[in-house]
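User: I have a protein chain to go through before setting up calculations. Please take my questions one at a time.

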Amino acid sequence: MDDLQKFMQRNFRRILAAGGVVLSLLAISLLLNTSPKTTLWMVVNPVPSGSKIAADDVKIVKANLMTDANHFESGSDNVIGQYATRLLQDGDLIALTDVTRSSANTTTSFLPIGIAVDDLPMDLAVGDLVDIYVIPKDQTILPALVARRVVVQSIDQKSRSLGGSVAVSVVASTSVSSIIVTAESQGRLVLARDAI
């Protein structure tokens with residue numbers, strides 16, 4: 001017993017250091033085992049409700065969601081080419097209920113329109129709801145509201161930075177698309193963000 005006490009007194013610091021190294025290695029091993037193991041789809045570009053998800057709209061990320069991982073599209077599921085059932089924002093993980101294989105509204109059109117850079121809000125973003133007005137070429141006719149609460153599907157940021165005409169794509173029903181095209185031929189279109 002005396003030998004053990006003497007050994008402990010002489011080598012206390014060494015024993016303490018060895019114990020610290022063992023505990024550190026144990027902690028590192030626990031941390032490495034808790035790294036994310038599940039691959040999930042995350043949105044990197046906003047996707048409006050009803051729009052088809054493109055390859056540059058999403059990316060695969062690793063996450064550790066434990067049992068909740070079953071509620072999300074895994075990296076092995078292909079969400080590209082499916083349709084969003086709600087507005088998907090940057091950073092959203094895609095849940096099983098966020099996508100569908102068929103378009104919910106087959107009468108929806110993705111209509112490209114040209115808008116002067118001064119005729120749309122500076123901070124307009126994909127997914128925003130806008131009201132579309134027309135300013136007729138004929139100055140005897142007053143400006144008029146063409147369509148209400150139309151969803152912005154995409155904005156060509158390159159043409160926006162150059163000035164002039166900005167290519168904006170909106171999601172609208174077939175009848176509303178027809179009205180917008182007619183209004184575009186009669187004058188200049190102006191977009192106003194819907195406040196509600």
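User: Is Met8 buried, partly exposed or exposed, and what is its relative accessible area?

Analyst: This is a predicted model, and Met8 is placed in helix α1. Buried requires under 20% relative accessible area and exposed over 50%. Met8 falls between these cut-offs, so it counts as partly exposed, with a relative accessible area of 39%.

User: Which residues make the nonpolar surface patch of about 370 Å²?

Analyst: Helix α1, residues 2–10, gives the largest share of the nonpolar patch, with three residues. The patch covers about 370 Å² and is made by Leu4, Phe7, Met8 and Ile15.

User: How many helices and strands does the protein chain have, and in what order do the elements run?

Analyst: The secondary structure comes to four helices and nine strands. Read from the N terminus, the order is α-α-β-β-β-β-β-β-β-α-β-α-β.

User: Is Val79 buried or exposed, and what is its relative accessible area?

Analyst: Val79 is in the loop between β2 and β3. Val79 is buried, and its relative accessible area is 0%.

User: Which side chain of opposite charge is nearest to Glu73, and how far away is it?

Analyst: Glu73 sits in the loop between β2 (58–63) and β3 (83–84). Beyond four places in sequence, Glu73 touches Thr39, Leu40, Trp41, Val79, Ile94, Ala95, Leu96 and Val99. A salt bridge needs a side-chain nitrogen of Lys or Arg within 4 Å of a carboxyl oxygen of Asp or Glu. Glu73 is buried but has no salt bridge, and the nearest side chain of opposite charge is Arg101, at 6.4 Å.

User: Which residues are joined with Arg86 into one salt-bridge network?

Analyst: Arg86 is partly exposed at 33% relative accessibility, whereas Asp98 is buried at 5%. The closest N and O atoms of Arg86 and Asp98 are 2.8 Å apart, and Arg86 also meets Asp92 in a salt bridge at 3.5 Å, N to O. Salt bridges that share partners join Arg86 into one network with Asp92 and Asp98.

User: How far apart in sequence are the parts that the pair of Asp128 and Arg193 ties together?

Analyst: Asp128 forms a salt bridge with Arg193, with the closest N and O atoms 3.1 Å apart. Asp128 lies in the loop between β5 (108–116) and β6 (129–136), while Arg193 lies in strand β9 (residues 187–193), so the parts tied together are 65 residues apart.

User: Of Asp128 and Arg193, which is partly exposed?

Analyst: Asp128 has a relative accessible area of 18% and is buried.

User: What does the count of salt bridges come to?

Analyst: Among them are the pair Arg86 and Asp98 and the pair Asp128 and Arg193. The count comes to six.

Notes
Residues are numbered from 1 along each chain as its sequence is written. This is a predicted model: local features need pLDDT of at least 70, side-chain atom pairs count only at pLDDT 80 or more; totals for chains, interfaces and linings use all residues. Side-chain values use heavy atoms; hydrogens and water are left out. Helices (H or I, at least four residues) and strands (E, at least two) are DSSP runs, numbered from the N terminus. Buried means under 20% relative accessible area, exposed over 50%, partly exposed in between (1.4 Å probe, protein chains only). Lys and Arg count as positive and Asp and Glu as negative; His and the chain ends are not counted. Contact means heavy atoms within 4.5 Å. Patches are made of residues with over 30% relative accessible area and no salt bridge: like charges are joined within 9 Å, nonpolar side chains (Val, Leu, Ile, Met, Phe, Trp, Tyr) within 5 Å. Accessible areas come from the Shrake-Rupley method with a 1.4 Å probe; for residues, only the protein chains shown count as cover.
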